[in-house]
Amino acid sequence: MIPKLKITEIKTHILKSPLETPFAFSQGWVSTRSATLIEIRTDAGITGWGEAFCQGLEVPEIAAAAIENCFAPMLIGDNPLDTERLWFAMYNRSRDFGRKGAVMAAISGIDIALWDIAGKAYDQPISQLLGGAFRSNVQPYATGFYRITGQGEQARLADEALQHYENGFRLMKVKLGFGLQDDIDVMHAIKTALGSKDVTLMVDTNHAYGRNEALMLGTALADMGLRWYEEPVVPEDIDGYRELRTRLPMAIAGGENEHSLYGFKSLLSAGAVDIVQPDIGSCGGLTAARHITILAQAFGVEVNPHVWGSAVAQAASLQWIAAIPDAHHSIFARQPILEYDQSAHPFRRELTTTPIEMIDGTVEIPDAPGLGIEMRLDTVAAYS
Ligand code: CA
């Protein structure tokens, strides 16, 4: 029997914590970790949690304002199980002032909470509602190598690579985009430190360069066996992505700053990327993740989610990763990997009763109902 539910309350929680040591990616210095969490209550006593993605330089109040003033008033009294219908209701309402950025993050956070409610109502993990799990665990990769002083940190970053290796990581993504020569020096230092160890690297410039420098960097790193080269140019330069994809040997990845089926249609139909990286907390939530996954499948492009949020976004990403089909089927098909950010995040591990753990180089995907997490309200309160 289909349960009958009504949304009774939508609350946003803005969490912030200043960092002891600010760090940089190519676009700026991050001094605070923030999150916009969404709590949706129903008349059946089921509560769902979601998260609007808040990148390092983004203020969490923007998405919260969109939720509180625009989307929450629309949804009170409606059926939280109508995830597809409500997604389009929110998207259509905000088309003329949304489509991208924090407004889409607001829709994403609400949508994740609705799927959490649906999973709990049907007593199934979200991966089951998405059509079933293709995998029960995922290999994580270490995202790190942020800068503390800026340039000239090759020695420290080489040590960091060894630390990730000691911690069990065999996949690592290096933040670049701090000047062409500095980037190249960093990569050589890391490669030298790792020696013959069985580690695959990826690089991410966070769109620091124009096409020419992006091409020069890719050419300089061409023999490093990179799994992918992420955000080589700004997200607006779809032709630039396509050109680099044509001229460089490694896979070109992007899409953490793209949104919805419409945004990804542009990226995919242009033949711009080998790998799309939507973020569950800004692409439009699980509903949009499902749309984009199928769209990418039709174009023969891999989906490998971007994950940088708190424990709620990590949990939602794991449910989605479970349900992503192999892009190119074979018995040894390449599997999606889990972005596991290693930068300071004061409240991430304290946000749920079961933070994600890497054991023997792999992360188990929870199979409890909904997102499969229990929120720690004391932590929510402490950082609100
Ligand atoms: Ca990135």
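Trainee: Which residues coordinate the calcium ion?
Mentor: In this predicted model, the calcium ion is coordinated by Asp204 through OD, and by Glu230 and Glu256 through OE, at 2.1 to 2.3 Å. Donors here are N, O and S atoms within 2.8 Å of the metal, or within 3.2 Å for Na, K and Ca, and because water is not among the atoms, sites may look incomplete.

Trainee: And how are those donor residues spaced in sequence?
Mentor: The pattern of the donor residues is D-x25-E-x25-E. Asp204 belongs to strand S7 (residues 200-204) and Glu230 to strand S8 (residues 229-230), so the pair ties together parts that are 26 residues apart in sequence. Helices (H or I, at least four residues) and strands (E, at least two) are DSSP runs, numbered from the N terminus.

Trainee: Are Asp204 and Glu230 buried or exposed?
Mentor: Asp204 is buried, with a relative accessible area of 1%, and Glu230 counts as buried at 1% relative accessibility. Buried means under 20% relative accessible area, exposed means over 50%, and partly exposed lies in between, using a 1.4 Å probe and protein chains only.

Trainee: What should I keep in mind about the numbering and the model?
Mentor: Residues are numbered from 1 along each chain as its sequence is written, and because this is a predicted model, local features need pLDDT of at least 70 and side-chain atom pairs count only at pLDDT 80 or more, while totals for chains, interfaces and linings use all residues. Side-chain values use heavy atoms, with hydrogens and water left out.

Trainee: Changing topic, how many helices and strands does the chain have?
Mentor: The chain has 12 helices and 13 strands. Its radius of gyration is 20 Å, close to the 21 Å that the globule rule gives for 384 residues, so the chain is as compact as a globular protein of that length. That radius is taken over C-alpha atoms, and the rule is 2.2 Å times the number of residues to the power 0.38. Of the 384 residues, 59% are buried.

Trainee: What about Asp360, buried or exposed?
Mentor: Asp360 counts as exposed, at 78% relative accessibility. Asp360 is in the loop between S12 and strand S13 (363-364), and has a positive phi of about 50° although it is not a glycine.

Trainee: Where is Thr42, and what does Thr42 touch?
Mentor: Thr42 is in strand S2 (residues 28-42) and is buried, with a relative accessible area of 8%. Not counting residues up to four places away in sequence, Thr42 touches Leu5, Lys6, Ile7, Thr8, Pro80 and Ile117, where contact means heavy atoms within 4.5 Å.

Trainee: And where does Gln124 lie?
Mentor: Gln124 lies in the loop between helix H3 (101-122) and helix H4 (126-129), and is partly exposed, with a relative accessible area of 31%. Leaving aside neighbours within four places in sequence, Gln124 is in contact with Gly119, Leu129, Pro369 and Gly370. From C-alpha to C-alpha, Gln124 and Leu217 are 46 Å apart in space, and they are 93 residues apart in sequence.
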